[in-house]
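Here is a structure to walk through together. Have a look at the sequence and the model first, and then we'll go through them piece by piece.

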Amino acid sequence: MTGTVVKGIGGFYFVYDGNTVVMGKARGNLKRNKELIYVGDIVDFDIDENDRDGECVIHRVIERKNYLTRPPVSNLDILVVVFSLVQPAVNYPVIDKLIAGCEFAGIDPVICVSKSDLAGPEAVSHALSIYSPLFPSVSVNGMTGEGIDHLRELISGKKVGLAGPSGVGKSTITNLLHAGEPGIAEVEEALLKAATGRISSKTGRGRHTTRHVEIFPLSDGTMLYDTPGFTSLDMPEMDPLNVRNLFPEFRRLNSECRYSDCMHINEPECAVKEALQQGLISETRYESYKSMTEEVKKWRK
Ligand SMILES: Nc1nc2c(ncn2[C@@H]2O[C@H](COP(=O)(O)OP(=O)(O)O)[C@@H](O)[C@H]2O)c(=O)[nH]1
Ligand SMILES: [Mg+2]
Ligand SMILES: [Zn+2]
C-alpha cells in the first residue's frame, strides 16, 4: 500500500493512506542503513498481519522530490512565504533569501503579506507590486480572515508549508486554514487512537518532538504541513554566479548582458542593471540579490 508519512515520533511513523492513519515502524534494512524517513515522504507500507494493533511496516520511500532539513520534511509543492510590513517590519533580504531557497529546493513560493490591517492599503499594494509579477501573491488580515479564501485557492490540492520570520502571523494563518475543517479532527482522532499506549511517555518527550511537524489533510485535498514555521532555509555552498539563477526576473536577462558570466553588479552593458534603471526590476530585489551574492562569496573564502 502507498501512503504519506504525516508524523514521526520516537521511531514510530504515522502513515495516511488518504482515508485513515496507521502507525508503524521502518523495516529493519531502512534502520540499519540509517535511512531517515521524512514527514512528507510517500512510502510503501504493509499492515503487519501478526500485530493485533494493526501496526504497519514501512518498506521503502517511494517518492521524495525535495526535502528541507530544519525541520525535516519532504515533498513540499508550495511554501507560503509570509511577511508583515510592520510589527515586525519587513526585512526584504530575509524574505528574498527564503524565496531563493524555494527556487533552490524546487518548491514554488506563494507570497503572503500579513497583518494588512496594520500597514495601510498603500503599503500593502506596494509590497504586492514587487512580488505579484513574479509569484502568486496575496495579502491577509489574520484578525478578520480577509484574504484567507484567496490563499486557500492558491494552495488548493497541494502540499504546503508556511515560512517567514517569527511573529508575522504564521500560526494565526495556519489556524484560519484549519478552521471548520472536519478532516483535521478525524485525522487527529485516528492519530491519537494509533498512538495510545504504543508510545511510552518517555519516548513522547524525547528529542524527536522538539521540532514537531505534522501534516493535516484539508477537505479540498490540500496537505498542510503544520510546523513551527521555517524562518530560514539551508543554502549549500555555491558558485556566486549561480545566485542569479535563483532570481527568476534575472534569468531571462542573463543571456542579454554583454558578458555571459555577468554578475549584474560592476559589469558594463548589463541587461539587469538596465532593467533596474527602467524600473522593470525592483530595487529591493536587486539589493537582496547583491547581499546574497556577498554572503555566498564569504562562505567560499
Ligand atoms: N493586528 C494583527 N495582528 C496579527 C495578525 N496576525 C497575527 N497577529 C498577531 O501577531 C502575533 C504573532 O502571530 P503568530 O501567528 O503567533 O506569528 P508566528 O510567529 O509567525 O506564528 C500574535 O499576537 C497574533 O495575534 C494580523 O493580521 N493583524
Ligand atoms: Mg508560530
Ligand atoms: Zn548583467
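For the classes, Ala, Val, Leu, Ile, Met, Phe, Trp, Tyr, Cys and Pro are taken as nonpolar, Asp, Glu, Lys and Arg as charged, and the others, Gly among them, as polar.

Before going on, some bookkeeping: this is a predicted model, in which local features need pLDDT of at least 70, side-chain atom pairs count only at pLDDT 80 or more, and totals for chains, interfaces and linings use all residues. Residues are numbered from 1 along each chain as its sequence is written, while chains are lettered from A and ligands numbered from 1 in the order in which they are written.

The domain assignment gives domain 1 (2–64 + 182–216), domain 2 (72–179) and domain 3 (240–299); such bounds come from an automatic or database domain assignment. The C-alpha centres of domain 2 and domain 3 are 24 Å apart. Overall, the protein chain has eleven helices and 13 strands, these being DSSP runs numbered from the N terminus, with helices H or I of at least four residues and strands E of at least two.

Back to H2. Its 14 residues reach 20 Å from first C-alpha to last, close to the 20 Å expected at 1.5 Å a residue (the expected span is 1.5 Å times one less than the number of residues). Which of its residues are buried? They are Ile95, Asp96, Leu98, Ile99, Ala100, Gly101 and Cys102, with buried meaning 20 or more other C-beta atoms within 10 Å of a residue's own, exposed 12 or fewer, and partly exposed in between, again with C-beta atoms placed from the backbone. The buried residues of H2 pack against strands S8 (78–84), S9 (108–114) and S11 (159–163), and against helix H11 (283–299). After H2 comes Gly106, with a positive phi near 80 degrees.

One residue of S11 is worth a stop: Lys159. Lys159 counts as buried because 22 other C-beta atoms lie within 10 Å. Leaving out residues up to four places away in sequence, Lys159 touches Gly40, Asn75, Leu76, Asp77, Met223 and Tyr225.

Last, the ligand. Ligand 1 is surrounded by 15 residues, the closest being Gly142, Gly169, Lys170, Ser171 and Thr172; a residue is near if its C-beta atom, placed from the backbone, lies within 6 Å. Helices H3 (116–119) and H6 (170–178) each supply at least two residues of this shell, and H6 gives the largest share, three residues. By class, the shell has three nonpolar, nine polar and three charged residues.

How values were computed. Contact = placed C-beta atoms within 7 Å.
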